[in-house]
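Hello,

Here is the structure I promised to pass on. My notes on what turned up follow below it.

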Amino acid sequence: MIRRWIACFVMAVVAAVACTTIDDNRTPSYQVHIKLNSVGLWDTYGVHGMGDYRVFSARKKLPSNFHFTANTYTGFAGVLLLIGYDFTTQTYNSPVAYEIACPVECRYDVTVDYNPETFEAVCPKCGSHFNVLEGGGAAVSGLAYDRHYGLTRYRVTPDNGGYIVSN
């Protein structure tokens with residue numbers, strides 16, 4: 001009787017944990033390295049307040065006036081940089097960065113669009129919505145939510161008055 005109870009308990013714990021696990025490594029792993037590590041670069045290309053965002057994509061040459069170097073890498077499809085909750089430092093109003101490829105589609109040409117009014121990233125193809133403000137890129141609706149997919153997060157590290165985005 002005790003063994004049966006223990007087995008049921010273990011299965012319930014495993015099921016509960018499995019249901020809350022987010023797969024945020026669905027897209028192919030490509031290098032990310034965006035140097036905005038001076039006050040001037042950060043003032044020009046960084047993000048400074050709620051709703052402010054920037055997309056970096058070497059494929060799409062975004063931002064159009066950004067000087068991409070041989071050492072600039074923007075992931076699989078690109079990088080969404082915005083102000084939000086940083087899970088690493090557990091602080092609000094911090095720069096955070098995500099892969100823009102939809103984790104459901106897993107294609108470099110199907111990217112999420114950021115809506116600064118709802119503070120969500122939305123995939124125009126599958127309709128999934130992602131909480132990028134304080135949810136760490138977790139899906140809040142759509143196929144990504146049903147499948148427990150999230151956007152890949154990247155590190156945003158302070159450096160010399162600016163930041164470096166990397167993985």
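Are tyrosine 45 and phenylalanine 66 buried or exposed? Both tyrosine 45 and phenylalanine 66 are buried, where buried means under 20% relative accessible area, exposed over 50%, and partly exposed in between (1.4 Å probe, protein chains only).

Some ground rules before the rest. This is a predicted model, in which local features need pLDDT of at least 70 and side-chain atom pairs count only at pLDDT 80 or more, while totals for chains, interfaces and linings use all residues. Residues are numbered from 1 along each chain as its sequence is written, and side-chain values use heavy atoms, with hydrogens and water left out.

**Overall picture**

The protein chain has three helices and 11 strands; these are DSSP runs numbered from the N terminus, with helices being H or I of at least four residues and strands E of at least two. Read from the N terminus, the order is α-β-α-β-β-β-β-β-β-β-β-α-β-β. Of the 167 residues in the protein chain, 40% are buried. Among contacts (heavy atoms within 4.5 Å) with a separation of 6 or more, 52% join residues 24 or more positions apart.

**Aromatic rings**

The structure holds nine aromatic pairs. Rings of Phe, Tyr and Trp (its six-membered ring) pair if their centres lie within 6.5 Å; planes under 30 degrees apart count as stacked, over 60 as edge-to-face and the rest as tilted. Tyrosine 45 and phenylalanine 66 make an edge-to-face pair, at 4.9 Å centre to centre with 85 degrees between the planes. Tyrosine 45 sits in helix H2 (residues 39–45) and phenylalanine 66 in the loop between strand S2 (53–56) and strand S3 (73–74), so the pair ties together parts that are 21 residues apart in sequence. Another pair, tyrosine 85 with tyrosine 92, is tilted: 4.6 Å centre to centre and 50 degrees between the planes. Tyrosine 85 is buried at 15% relative accessible area, whereas tyrosine 92 counts as exposed at 52%. One aromatic cluster consists of Tyr45, Phe56, Phe66 and Phe68.

There is also a charge over a ring (NZ of Lys or CZ of Arg within 6 Å of the ring centre and within 35 degrees of the ring normal): arginine 59 lies over the face of tyrosine 108, at 3.9 Å from the ring centre.

**Two buried loop residues**

Serine 128 belongs to the loop between strand S7 (120–122) and strand S8 (129–131), and its relative accessible area is 0%. Beyond residues up to four places away in sequence, serine 128 touches Val104, Ala121 and Leu143, among others.

Valine 104 is in the loop between S5 and strand S6 (113–115) and is buried too, with a relative accessible area of 12%. Its contacts, leaving aside neighbours within four places in sequence, include Arg26, Cys126, Ser128 and Tyr149.

**The largest pocket**

The largest pocket has a volume of about 290 Å³. Of the 18 residues that line this pocket, Asp86, Thr88, Tyr154, Arg155 and Val156 are the closest to its centre. A pocket here is an open set of points on a 1 Å grid over the protein atoms alone where a 1.4 Å probe fits, with protein on both sides within 12 Å along at least five of seven lines; lining residues have an atom within 4 Å of a point. Strand S4 (79–86), strand S5 (91–99) and strand S10 (153–159) each supply at least two lining residues.

Best wishes

Methods:
Grid points are joined across faces, edges and corners, and a volume is the space filled by probe spheres set on the points.
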